[in-house]
Amino acid sequence: MPTAKRDYYEVLGVEKSADAEEIKRAYRRLAMKYHPDRNPGDAEAEAKFKEAAEAYEVLSDATKKQRYDQFGHEGLRGGGGPATHDYTRMNAEDIFSMFNDIFGGGGGGFGGGRGGGRARGPARGYDLETEVLLSLEEAYSGADKDVEFTRLDVCEKCSGTGAKPGSKPVQCGTCKGQGRVIQTGLGGMFRMETGCPTCGGRGQIIKEFCDACRGKGRVPRKRSLSVKIPAGVSEGQAVRVRGEGEPPTMEDSPSGEGVRGDLHVVIRVRRHDLFQRDGDHLVMEMPISFTKASLGAEVEVPTIEGKRATLKIPKGTQYGTMFRLAGLGMPSLRSGQRGDMIVIAKIEIPKKLSGAQEKLLRDFAASENETVMPESQGFWKKIKDALS
């Protein structure tokens with residue numbers, strides 16, 4: 001019995017409302033995490049790598065995404081619907097070639113030199129992505145944070161060739177050293193260039209593998225470094241650390257010469273006990289006794305800096321009234337100017353009263369009229385008018 005496919009949004013770990021950039025970022029992170037080169041011999045990691053590619057192909061295509069949202073997996077199976085590739089039969093290099101706008105080639109800045117990089121200049125390695133968790137206070141003031149990640153580096157034993165020291169790779173007879181082959185179909189009506197299935201796109205065949213990297217030419221290594229996080233960063237933003245990504249691939253530069261990719265450190269901000277962030281503003285609910293709300297008062301409120309600010313509560317303050325304290329919010333990442341702090345009045349009603357307090361309130365209740373409680377009196381008048 002075939003295994004049921006997981007929901008594509010669940011695979012990428014995004015909400016159904018995620019935009020294209022969130023979907024791309026989620027796929028990129030999973031692809032780099034589960035790439036077979038980083039997980040040699042791990043069949044489960046390879047399956048997750050291919051599962052993520054399939055999910056991304058659908059959710060990054062507006063037509064396929066719409067059909068999937070409406071009909072689920074069945075909407076992508078025949079019946080004139082948009083088809084998807086069978087990733088279980090593809091190797092990792094071909095998948096990377098399909099999405100070279102993310103990982104390299106002619107597109108955006110996230111990725112390596114594969115797919116035309118040699119024609120434009122020095123080969124470039126893949127960018128990497130990791131995450132760092134901040135408190136709101138650290139996002140406010142900036143911080144130096146230690147991050148750990150794993151990247152592929154040139155194998156020192158074989159100098160990146162993948163061959164056993166003392167031996168050399170030989171030219172691939174299938175692609176004649178090009179690393180790419182042309183496939184045709186439908187009587188020659190279409191042509192498709194793919195990675196050579198014999199040499200895996202390297203253009204060379206290794207007869208005797210290096211026992212350190214098993215012929216990969218690259219080995220996974222853990223790396224730690226301190227990253228400076230600027231003040232004002234928000235959830236989901238990324239700090240780029242140049243040159244901390246991977247060296248060029250074995251296909252582009254066996255020795256690793258060229259330009260290293262970058263490391264993108266994605267910001268995650270821990271939930272705060274008091275404040276919620278709204279852009280550069282900070283929002284806080286402030287409990288206020290009903291007597292202070294009625295009579296007016298001055299109260300102290302905490303700020304993100306750890307200091308206190310004075311807030312004047314006017315007489316007759318109602319539940320949900322918002323007060324703005326200018327310049328006490330978060331700093332703008334671009335200008336450095338601070339947003340505001342918004343304090344929302346949350347009127348507290350006592351749950352227990354002493355006998356004297358209860359008597360005072362009953363006396364007050366007996367004196368209530370439309371002058372004291374104009375909104376309440378107006379409400380009941382509207383009900384009376386409606387019923388009559």
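Trainee: How are H3 and H4 oriented to each other: roughly parallel or roughly perpendicular?

Mentor: Two packed helices are described by the angle between their axes and by the distance between those axes. This is a predicted model. In it, the axes of helix H3 (residues 43-59) and helix H4 (residues 62-71) cross at roughly 100° and come within 6 Å. Angles of 65 to 115 degrees count as roughly perpendicular, and H3 and H4 are therefore roughly perpendicular to each other.

Trainee: Which residues make the contact between H3 and H4?

Mentor: From H3 the contact takes Glu57, Val58 and Leu59, and from H4 it takes Lys64, Lys65 and Tyr68. Sorted by class, the contact of H3 with H4 has three nonpolar and three charged residues, and no polar ones.

Trainee: Which residues of H4 are buried, and where do they lie around the axis?

Mentor: An α-helix has 3.6 residues a turn, so residues three or four places apart point the same way. In H4 the buried residues are Lys64, Lys65 and Tyr68. They span an arc of only 100° around the axis, which puts them on the same side of H4. Ala62, Thr63, Gln66 and Gln70 are exposed on the other side of H4.

Trainee: Which backbone oxygens lie by the side chain of Arg218?

Mentor: There is one from Pro248, whose backbone oxygen is 2.6 Å from a polar atom of the Arg218 side chain. Another is the backbone oxygen of Ser253, 2.8 Å from a polar atom of that side chain.

Trainee: How many helices and strands does the protein chain have, and what share of its residues is buried?

Mentor: The protein chain has eleven helices and 15 strands. Of its 388 residues, 40% are buried. For contacts with a separation of 6 or more, 62% are between residues 24 or more positions apart.

Technical notes. Residues are numbered from 1 along each chain as its sequence is written. This is a predicted model: local features need pLDDT of at least 70, side-chain atom pairs count only at pLDDT 80 or more; totals for chains, interfaces and linings use all residues. Side-chain values use heavy atoms; hydrogens and water are left out. Axes are lines fitted to C-alpha atoms, for helices over the stretch in contact, and angles run from 0 to 180 degrees between N-to-C directions. Helices (H or I, at least four residues) and strands (E, at least two) are DSSP runs, numbered from the N terminus. Angles under 35 degrees count as roughly parallel, over 145 as roughly antiparallel, 65 to 115 as roughly perpendicular and the rest as oblique. Contact means heavy atoms within 4.5 Å. Ala, Val, Leu, Ile, Met, Phe, Trp, Tyr, Cys and Pro count as nonpolar, Asp, Glu, Lys and Arg as charged, and the others, Gly among them, as polar. Buried means under 20% relative accessible area, exposed over 50%, partly exposed in between (1.4 Å probe, protein chains only). The arc is that of the directions from the helix axis to the C-beta atoms. A polar contact is a pair of N or O atoms within 3.5 Å; within protein, one must be able to donate a hydrogen and the other to accept it, and residues adjacent in sequence count only if both atoms are side-chain atoms.
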